[in-house]
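I opened this entry to keep track of what I looked up in one protein model. The sequence and structure go in first.

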Amino acid sequence: MAEVNLLARLPQTKRNLQQRHEGQTAENIATACEFGQAYFDGPREVGYGGYRYDGRWIPIAEDIVRHFGLQAGQRVLDVGCAKGFLVKDLMKVCPGLDVYGLDISEYAITHCEGEVVGRLHVGSADRLPFPDGTFDALISINTLHNFERAGALRALRELVRVSQARRKMFVQVDAYHTPAQRELFMNWVLTAKYHDYPKGWIQLFKEAGYEGDYYWTVLEQ
Ligand SMILES: C[S@@+](CC[C@H](N)C(=O)[O-])C[C@H]1O[C@@H](n2cnc3c(N)ncnc32)[C@H](O)[C@@H]1O
């Protein structure tokens with residue numbers, strides 16, 4: 001189990017973090033938590049403000065393949081895959097890699113990239129519809145914090161259950177290192193329900209028997 005920044009080469013989106021997120025109303029939070037059209041392709045106040053493929057995940061896919069030594073014929077699952085951008089790019093950078101995705105959003109799955117049609121499943125991370133030991137590697141980026149703590153624990157246990165090599169796993173979740181970062185996060189959070197300092201997350205990983213790698217999404221001024 002190691003802290004490793006596999007998203008280091010993802011371009012940072014610039015946001016004005018000076019003020020409280022003006023869209024952070026109860027109504028917008030409820031809309032965002034539906035993970036429907038509004039969250040992905042609606043206005044910025046309720047989510048991405050347009051979630052379109054632009055190839056930005058290719059370097060991350062390269063780093064994931066290198067980090068885990070993935071090879072053609074191996075099976076990989078991206079939990080919280082949205083429209084399947086990373087699924088597509090993993091297959092692009094490692095031809096023959098057998099990559100699948102799962103997401104709770106029917107909207108995202110029905111608006112996926114053409115290359116991944118048939119590879120994406122609608123479902124919840126805490127009830128993976130796969131037999132034990134199905135995947136050689138698992139990834140879940142910015143998804144598990146959308147559960148309360150008990151749900152995140154169930155989801156981590158599911159990752160472990162469907163994994164063949166218990167260490168070839170990577171999760172990235174919302175966290176903060178300082179009270180100031182926590183306050184900034186609280187002023188912006190839309191969908192996350194469980195978030196914590198790294199120490200709290202690592203405790204949760206241990207409870208779940210999760211032995212994979214991890215990293216943090218931290219808002220900075
Ligand atoms: C912040 S997005 C991250 C998407 C993608 N992994 C990325 O990094 O661009 C969070 C994703 O988690 C999905 N999600 C939320 N709750 C989920 C659940 N219980 N099971 C599976 N996916 C879920 C959402 O639909 C959304 O696609």
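**Ground rules.** I am working with a predicted model, where local features need pLDDT of at least 70, side-chain atom pairs count only at pLDDT 80 or more, and totals for chains, interfaces and linings use all residues. I number residues from 1 along each chain as its sequence is written.

**Whole chain.** I looked up the secondary structure and found eight helices and six strands in the protein chain. Helices (H or I, at least four residues) and strands (E, at least two) are DSSP runs, numbered from the N terminus. I wrote down their order along the sequence as α-α-α-β-α-β-α-β-β-α-β-α-α-β. The radius of gyration is 17 Å, close to the 17 Å from the globule rule for 221 residues, so the chain is as compact as a globular protein of that length. That radius is taken over C-alpha atoms, and the rule is 2.2 Å times the number of residues to the power 0.38. I also noted that the C-alpha trace spans about 50 × 40 × 30 Å along its principal axes.

**Burial.** I found that 37% of the 221 residues are buried. A residue is buried if 20 or more other C-beta atoms lie within 10 Å of its own, exposed if 12 or fewer, and partly exposed in between, with C-beta atoms placed from the backbone.

**Strand 5.** How many of the six residues of strand 5 are buried? I found six of the six in residues 169-174, so the strand is largely enclosed by the rest of the structure. Strand 5 pairs in the parallel sense with strand 4 (residues 137-141) over four bridges, and with strand 6 (residues 213-217), also parallel, over five bridges. Two strands pair if DSSP finds at least two bridges between them. I noted isoleucine 141 opposite glutamine 172, and valine 171 opposite tyrosine 214.

**Ligand.** Which residues come nearest to the ligand? Of the 13 around it, I listed Phe35, Gly80, Ala82, Ser105 and Ala125. A residue is near if its C-beta atom, placed from the backbone, lies within 6 Å of the molecule.

**Two of these residues.** Phenylalanine 35 is in the loop between helix 1 (26-32) and helix 2 (37-41). Its phi is positive, about 50°, although it is not a glycine. I count phenylalanine 35 as buried because it has 20 C-beta neighbours inside 10 Å. Alanine 82 is in the loop between strand 1 (75-79) and helix 4 (85-93). Phi of alanine 82 is also positive, near 50°. Alanine 82 is buried, with 26 other C-beta atoms within 10 Å.
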